[in-house]
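Here is a walk through one structure, taken step by step. Keep the sequence and the 3D view side by side as you read.

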Amino acid sequence: MLIIGIAGGTGCGKTTVVNQILKELPEGEVGILSQDSYYKDTSHLSYDERVKINFDHPRSIDFELLHEHLVELKKGNTVHQPVYSFVKHNRTGDTIFTHPRKVIIVEGILILTNPELRDMFDIKIFVHADSDERLIRRLKRDITERGRDLDEVLTRYQTTLKPMHNQFIEPMKEFADIIIPNNKYNTVAIDIVKTIINQRL
Ligand SMILES: Nc1ncnc2c1ncn2[C@@H]1O[C@H](COP(=O)(O)OP(=O)(O)O)[C@@H](O)[C@H]1O
Ligand SMILES: O=c1ccn([C@@H]2O[C@H](COP(=O)(O)O)[C@@H](O)[C@H]2O)c(=O)[nH]1
């Protein structure tokens, strides 16, 4: 099994890059673990309390469970990946059966901050887009898809997202094997990643 970690700040285009890679590889050979599925369960908190959580800090992620699931997949076992709701800021209670595949992609803003997880990646990719570009994308996406308004996105950006990005995410470029510049759609980089994956398969 080839395990690929794809990190980068919010809105840099991680999900888009993953979908482009998926399109290029034979169907059924690639599985995805999304860091977003592993936000800690916060059912014991009210909605108003959950909204105040710093979702850009590594402690908001259940890395233990994410690591355990990756280990199980590597052993050839199926795992129950939790389903997360950005609207409710909590796990939904549903899970997705995630089967072992030839290639497993783990994607998320903070996945390279965890040393145990980092050690499991055969290829580490960091997707880069400038912060103004990422903020514009985040605004559009969170308002249309995640039930936010302008004030919520900008307040979160100033209070937690930007400082956490600078403290925890940007320094992870150091660990990357490949950095994809993604201010514009980068088909050349996707082709290179596809070639590397095919060589390793
Ligand atoms: N290279 C790009 N140029 C312009 N828009 C992009 C690009 N990559 C992604 N987007 C758009 O930006 C938004 C956030 O992208 P997404 O892949 O969800 O980012 P991430 O998973 O890193 O948060 C989406 O609406 C997506 O369509
Ligand atoms: O309940 C939540 C959990 C997370 N967030 C924000 O999501 C992004 C990470 O997702 P991307 O798809 O990589 O953008 C992170 O910056 C959190 O601030 C949230 O709004 N609510």
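Axes here are lines fitted to C-alpha atoms, for helices over the stretch in contact, and angles run from 0 to 180 degrees between N-to-C directions. Helices (H or I, at least four residues) and strands (E, at least two) are DSSP runs, numbered from the N terminus. This is a predicted model, in which local features need pLDDT of at least 70, side-chain atom pairs count only at pLDDT 80 or more, and totals for chains, interfaces and linings use all residues. Residues are numbered from 1 along each chain as its sequence is written, while chains are lettered from A and ligands numbered from 1 in the order in which they are written.

Start with α5 (131-145) and helix α6 (residues 150-169). Their axes lie 9 Å apart and the helices pack at an angle of about 140°. α5 and α6 are therefore oblique to each other; angles under 35 degrees count as roughly parallel, over 145 as roughly antiparallel, 65 to 115 as roughly perpendicular and the rest as oblique. Which residues meet? From α5 come L135, R138, L139, D142 and I143, and from α6 come L150, V153 and Y157. (Two residues are in contact if their C-beta atoms, placed from the backbone, lie within 7 Å.) By class, this contact of α5 with α6 has six nonpolar, no polar and two charged residues. Ala, Val, Leu, Ile, Met, Phe, Trp, Tyr, Cys and Pro count as nonpolar, Asp, Glu, Lys and Arg as charged, and the others, Gly among them, as polar.

Now turn to helix α1 (residues 14-24) and helix α7 (residues 187-200). Their axes come within 10 Å and cross at roughly 55°. α1 and α7 are therefore oblique to each other. V17, Q20, I21 and E24 of α1 touch I190, V193 and K194 of α7. That contact holds four nonpolar, one polar and two charged residues.

Next, the ligands. A residue is near a molecule if its C-beta atom, placed from the backbone, lies within 6 Å of it. Ligand 1 has 13 residues around it, and G13, K14, T15, T16 and R137 come nearest. α1 and α5 are the elements that give two or more residues to this shell. α1 gives the most, with three. The shell around ligand 1 divides into two nonpolar, seven polar and four charged residues.

Ligand 2 is surrounded by residues including T10, K14, D36, F86 and R156. Its shell has five nonpolar, three polar and four charged residues.
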